[in-house]
Amino acid sequence: MTALIERLERNRWIWSALGVLLLWAVLSVTTGRFSLHSLSGVAVSASFLTLVALGQMLVVTTGRGNIDLSIASVLTLSAYASIVVAAGSDARLPLALAAVLGIGLVTGLANALLVVVLRIPAIIATLATGYILATATLIANRWAAGFSMSPFLKTLAAGRVEGVPLMLVIALVAVALAGLLLGRTVYGRRLSAVGQNERAAALAGIRTGRVVTGAFLASALLAALTGMLLGAYVGGAFLEMGQPYLLQSLGAVVLGGSLIFGGSSTALGTLCGSFLLILIVTTMQIAGLPAGTQDIVQGIVVIAVLALAGGRAVRRRRAAPKTEAVAP
């Protein structure tokens, strides 16, 4: 039994995976409309969420309660920028990609500057950055008089290969790369060390500022690329486009088993958490719940998971043996 508990602690993504299977089975039985074919629609929505959540996961891993609240604004502004710059032409797609990456790069560096150098709490710093980007989005909205999509980008976002959505393939590749980053690279080990104890990591010679900066850069860049793809998928952009991803990106991370206190994250769990959250939203939509109620339920789910994780952390600290200094 102890070995099983330890295995579950090491592989926290199992719980979200079981949640996906259970909820899928319930929906299949109760509605009679869910099948492997209908799974593709859920998979596409979960894929967009996964890309954003992977960036959020890296920021959360840095610890100190760090989260990125600028994700929604980065996503929306990037969608507008890609549409305006590309102007429906594949030939202009490199320019659009450069503009989108520029938005992600500048935002990530700004967030890192505020958090690492000025020591402003991440929740405040990224919220302020998000407001600035929201103003830029209002300006971009005036320029985007009509929506014309790049054919290649549209294929990439909405295309399929042998019935499998290309977005799902992109998300799986991103999850695999994030998993390798966390588990097989020096940066991944340093990221976990900083999240577990930033002071101890600094004393060990780790340049903690660079590690945290890398996490914020990755989060902003992934949000920017997601905005570009999402704009092509829906065929346009609108002002509240990225808003749902603000809560859902954090929800996918905590549901997937990443520790909100930092230091331990799982890319596979983030994927499973994204699928689980999308299925929860789908269930509420089938039940006919209004959008406001759906947000409340999602918030309750996230709070419940955080409370459970916090309670387990407190119990671990209480159960940990206390060492006493021995006089020489």
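A residue counts as buried under 20% relative accessible area, as exposed over 50%, and as partly exposed in between. The exercises below apply this to a predicted model.

**Exercise 1. Classify Glu162 and describe its place and backbone.**

Step 1. Glu162 sits in the loop that joins strand 1 (160-161) to strand 2 (164-165).

Step 2. The relative accessible area of Glu162 is 79%. The cut-off for exposed is over 50%, so Glu162 is exposed.

Step 3. Glu162 is not a glycine, yet its phi is positive, near 55 degrees.

**Exercise 2. Work out how helix 4 and helix 5 are arranged, and which residues form their contact.**

Step 1. Helix 4 spans residues 71-86 and helix 5 spans residues 93-117. Their axes come within 8 Å and cross at roughly 155 degrees.

Step 2. An angle over 145 degrees counts as roughly antiparallel. Helix 4 and helix 5 are therefore roughly antiparallel to each other.

Step 3. The handedness of this crossing is right-handed.

Step 4. On the helix 4 side, the contact is made by Val74, Leu77, Ser78, Ala81, Ser82, Val85 and Ala86. On the helix 5 side, their partners are Leu95, Ala96, Ala99, Val100, Ile103 and Thr107.

Step 5. Sorted by class, this contact of helix 4 with helix 5 holds 10 nonpolar residues, 3 polar ones and no charged ones.

**Exercise 3. Locate Val84, classify it, and give its C-alpha distance to Asn141.**

Step 1. Val84 is part of helix 4.

Step 2. With a relative accessible area of 30%, Val84 is partly exposed.

Step 3. In sequence, Val84 and Asn141 are 57 residues apart. In space, their C-alpha atoms are 9.3 Å apart.

**Exercise 4. Describe the surroundings of Thr62.**

Step 1. Thr62 lies in the loop between helix 3 (36-61) and helix 4.

Step 2. Its relative accessible area is 1%. Under 20% counts as buried, so Thr62 is buried.

Step 3. A polar atom of the Thr62 side chain lies 2.5 Å from the backbone oxygen of Val59.

Step 4. Neighbours within four places in sequence are set aside here. Thr62 is then in contact with Leu191, Val194, Gly195, Val212 and Ala215.

**Exercise 5. Is Ser16 buried or exposed, and which residues does it touch?**

Step 1. Ser16 is located in helix 2 (residues 13-31).

Step 2. Ser16 counts as buried, at 1% relative accessibility.

Step 3. Residues up to four places away in sequence are not counted. Ser16 touches Leu255, Gly256, Gly269, Cys272, Gly273 and Leu276.

Note on methods. Residues numbered from 1 in each chain as written. Predicted model: local features only at pLDDT ≥ 70, side-chain atom pairs only at ≥ 80, totals over all residues. Heavy atoms only, no water. Axes fitted to C-alpha atoms, helices over the stretch in contact; angles between N-to-C directions. Helix = DSSP H or I, 4+ residues; strand = E, 2+ residues; numbered from the N terminus. Parallel < 35°, antiparallel > 145°, perpendicular 65-115°, else oblique. Left-handed = near helix turned anticlockwise from the far one by under 90°. Contact = heavy atoms within 4.5 Å. Nonpolar A, V, L, I, M, F, W, Y, C, P; charged D, E, K, R; others polar. Buried < 20%, exposed > 50% of the residue type's maximum accessible area, 1.4 Å probe, protein only. Polar contact = N/O pair within 3.5 Å; in protein donor to acceptor, adjacent residues only side chain to side chain.
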